[in-house]
Amino acid sequence: MAKKVKKMKAEQEEVVTFHYDKVGDFSNWFTEINKRAELTDQRYGVKGLVVFRAWTTVTLKIMYRLLEEDLEHHGHLPVIFPALVPESNLIKEAEHVEGFAPEVFWCTRSGADNIFDEPLALRPTSESAMYPLYALWIRSWRDLPFKRYQSVAIWRYDTKMTRPFLRGREFYWIEAHDVFATAKEAEEQVLEDLAITKNFVQGHLAFPIIVLIRPQWDKFPGAVYTVAGESILPDGRFIQNSTSHMLGDNFARAYGVKYVDENEEEQYAQQTCFGPGLSRMYGALIIMHGDDDGLILPFDLAPVQVVIVPIPKKGAKKAVEARCLDLEVILRKAGYRVHFDNTEKRPGEKYYHWEMRGVPLRIEIGNREVQDNTAIIFRRDLRSRNTIPLDKLVKAVKQAGKAVTKELWRRAKERFDNSFKNADTFDEICDIINQNKAARISFCTLEMKGLACAEKIKDATGADIRGVKLGENEKPWGLCPMCGEPATVVAYVGKQY
Ligand SMILES: [Zn+2]
């Protein structure tokens, strides 16, 4: 439960504030953060659908822009396809429709009684929307590679417990759908997708990812194989940031995506698709870096990077406010998202408000700072204060902003490195999962034969075989602890969101 604590703030006024125990009571922390930092509103009235409020949406848009720029840098162009997919298109790839059928929302009529000739699915993902058109657009080897993406919402009727950002029935993502002449090029694209994810997550969101090839029983319906970029939340659970799928020619055969090669022969194309889940990554971002006082946002992603709070003594209000306004102009000109909090609230209330929202830097200006031509810079991550001369302000903000992001990365990396433990026996796997960590085990196989072993682990612990590290060729050290057969891979096991 939330503890009500009275804190004495620097200016000796009493402020009633709230403090949440993130590690000991994560569920309450997450619920309260959503409310108090005004991230989402869950009173929309439909289970699994939440409203993203402004503070969330500004960061989401920054995230979209960064990823879109990187995709375009790697040769993708944007498109926008309709959200409704005709049933006849959705059912063309048998495995695909079987995998998604239970989760599809259907539109079947307009008004009271105008029943559609054909039901329309609200896209759960867009292969079935896009590939019939790809079949018309792609003609010759000269059209390849063909790389397109769209930034949209998708809908899946998830029956598990829903939670804002982490599990919902509507989520925001980017989906890139690429077409190639050869399987080799398609497989290289899967690697490129994961490199894009890694750059984005590690570079901007400031937490580590692990890239895993999914077991055959957990791949994208209709794919040849699936690779996921995952992170580990502080409670030891995996969260999937993005997946990339090698589709081979499975979908090309179903949707007729063909090209004429250099010898004038018709070939089925090789395809990939890539889905970074932006709303889920945002959830990971706030959980990964937040503390008992609220969010802490990496400098590049904060809607407000620097908040300026005046702390005037009686009679000096004008001079302090004038100084704050000057600094706001200087920092805005230098390219920062800066906000001068000139409301009538007391300084302590302002501190609380902006700390809860994770603003990385705060500048405090009082009478002394005006007289001395200085400013106090407060860092949200360390809760530290530094006095700096005004002529060094822009440089100091730049350095402090970088330092906040670097410190967030350091903390996340340290936790990540302590998240994995090797297990040799079934009991050890159970122990590790119960300690909120991920287990590393020698495992028989990620082919369908291994499913029975995976199910035994799942039944006992609730944890899944998340996969095998991509490209690392880790050597198993023993027999599979579940079936006793020789192990072929090192698998990562953990609970997931
Ligand atoms: Zn086994």
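Start by selecting residues 317–333: this is helix H9, with 17 residues and a reach of 24 Å from its first C-alpha to its last, close to the 24 Å expected at 1.5 Å a residue. Keep in mind that you're looking at a predicted model.

Now show side chains on H9 and pick out Arg323, Cys324, Leu327 and Leu331, which are buried. Look down the axis: these residues end up on the same side of H9, because they cover an arc of only 100° around it. The spacing rule behind this is that an α-helix has 3.6 residues a turn, so residues three or four places apart point the same way.

What sits on the other side of H9? Select Lys318, Val329 and Lys333, and you'll find them exposed.

Next, bring up what the buried residues of H9 pack against. Among the strands, colour S17 (306–311), S18 (338–340), S19 (361–366) and S20 (374–379).

Step just past the end of H9 and click Gly335, where phi is positive, at about 100°.

Time to zoom out and colour by domain. The domain assignment gives domain 1 (28–289), domain 2 (299–406) and domain 3 (420–494). Domains 1 and 3 have C-alpha centres 27 Å apart, and their contact takes 17 residues from each of the two. On the domain 1 side, select strand S11 (210–213) and strand S12 (225–232), the elements that give two or more residues to it. Colour that side by class and you get 11 nonpolar, two polar and four charged residues.

Note on methods:
Residues are numbered from 1 along each chain as its sequence is written. This is a predicted model: local features need pLDDT of at least 70, side-chain atom pairs count only at pLDDT 80 or more; totals for chains, interfaces and linings use all residues. Domain bounds come from an automatic or database domain assignment. Two residues are in contact if their C-beta atoms, placed from the backbone, lie within 7 Å. Helices (H or I, at least four residues) and strands (E, at least two) are DSSP runs, numbered from the N terminus. Ala, Val, Leu, Ile, Met, Phe, Trp, Tyr, Cys and Pro count as nonpolar, Asp, Glu, Lys and Arg as charged, and the others, Gly among them, as polar. The expected span of a helix is 1.5 Å times one less than its number of residues. A residue is buried if 20 or more other C-beta atoms lie within 10 Å of its own, exposed if 12 or fewer, and partly exposed in between; C-beta atoms are placed from the backbone. The arc is that of the directions from the helix axis to the C-beta atoms.
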